[in-house]
Amino acid sequence: MIELENVAYSYGGGELLSDISLKLAAGSFHFLTGPSGAGKTTLMKLCYGALLPTAGHIRVFGADVRELDRDDIAMVRRRVGVVHQDVKFLDHLDVSENIKLPLTVSGRSSEGADLDELMSWVGLTNRANALPAELSGGERQRAALARAVIMSPDVVLADEPTGNIDWEMSQRLLRLLIELNKMGKTVLIATHDLSLIRATKAHVQARVLRIANRRVQLAGADL
Ligand SMILES: Nc1ncnc2c1ncn2[C@@H]1O[C@H](COP(=O)(O)OP(=O)(O)O)[C@@H](O)[C@H]1O
Ligand SMILES: [Mg+2]
C-alpha cells in the first residue's frame, strides 16, 4: 500500500528523518511513536504525499509520490483517509456537512443511508446539526474520524487522534480504529501514549514503530 525506501526528510536544516525503509502492507495495523518533535507528523505527511522526500523513494499504491499527476493525487486523496493532528472544520457548517465535505468536494452524491450509518457508528447522530464550536474534544475527534473514512479509504492515517481527550474516550476512539482494521483497512496511528498502545495490543495484532535518532525502529515487546 505505502512503501518507503531509504527515505530522508529535511525542512531545510539538518535531516529530521534519515534512511527510513518501511512497508505498510494491506490490512496491517501500526502505531508510530516517539517523543514530541521526533517527526511523527512529518512521516505521516510523507506517507500521503503532502511532503516529498528529500532522498529515497515513496510509493503509494504503486505510484512514486514524485511522479503523481492530478488523477493520481485524486486517487491518493480518496484511498487514504487522514485524521490530522490539528483537526480543523469549517466553522459555519454543521457537523454532518463537515463530515460529508470530502464527498461534496469530489462531486460525489452525499445522499442516502451511508452518512446516517457513519454518524451512528461514531456516536454523533444527535450532534449532526451542531456547529463544530459546540463539540467536545472527543466529539471533534470522532467527527474527524468520520470525515476521514467517508470516502471508504483503504488506508487510515490518524495523527495523535486521542491528543486532548480522556482515557475512556481514547479507548472508544481506538475501538473504532480497530473495527476499521478488522474490516480490512490498513491503519497507522501516531501517538506518544504508550498505555494506549498496550491497551490496544490485546485486541489487534499491532506493530509498533518508534522514531529515535532520526530513524524508524520496530519496537520490541518492552513497551
Ligand atoms: N513546516 C515546518 N518547517 C520547519 N520545521 C518544521 C515544520 N514542521 C515541523 N517542523 C519541525 O520538525 C520537527 C518534527 O516535527 P513533527 O513531525 O511535527 O514531530 P512530531 O509529530 O513527532 O511531534 C520539529 O522540530 C518541528 O519543529
Ligand atoms: Mg505530531
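Four elements, α2 (70-79), β6 (80-83), α4 (101-105) and α6 (137-149), each supply at least two residues to the lining of the largest pocket. Helices here are DSSP runs of H or I with at least four residues, strands are E runs of at least two, and both are numbered from the N terminus. Of these, α2 gives the most, with 6 residues.

This is a predicted model, in which local features need pLDDT of at least 70, side-chain atom pairs count only at pLDDT 80 or more, and totals for chains, interfaces and linings use all residues. Residues are numbered from 1 along each chain as its sequence is written, chains are lettered from A and ligands numbered from 1 in the order written, and side-chain values use heavy atoms, leaving out hydrogens and water.

Staying with the pocket, its lining has 28 residues, and Arg 77, Arg 78, Val 80, Pro 102 and Met 151 lie nearest its centre. The lining divides into 17 nonpolar, 5 polar and 6 charged residues. Here Ala, Val, Leu, Ile, Met, Phe, Trp, Tyr, Cys and Pro count as nonpolar, Asp, Glu, Lys and Arg as charged, and the others, Gly among them, as polar.

Now let's turn to ligand 1. The residues around ligand 1 (a heavy atom within 4 Å) include Tyr 11, Leu 16 and Pro 35. By class, this shell has 4 nonpolar, 5 polar and 1 charged residues.

Note on methods. 1 Å grid on protein atoms, 1.4 Å probe; cavity = no way out; pocket = protein on both sides within 12 Å on 5 of 7 lines; lining within 4 Å.
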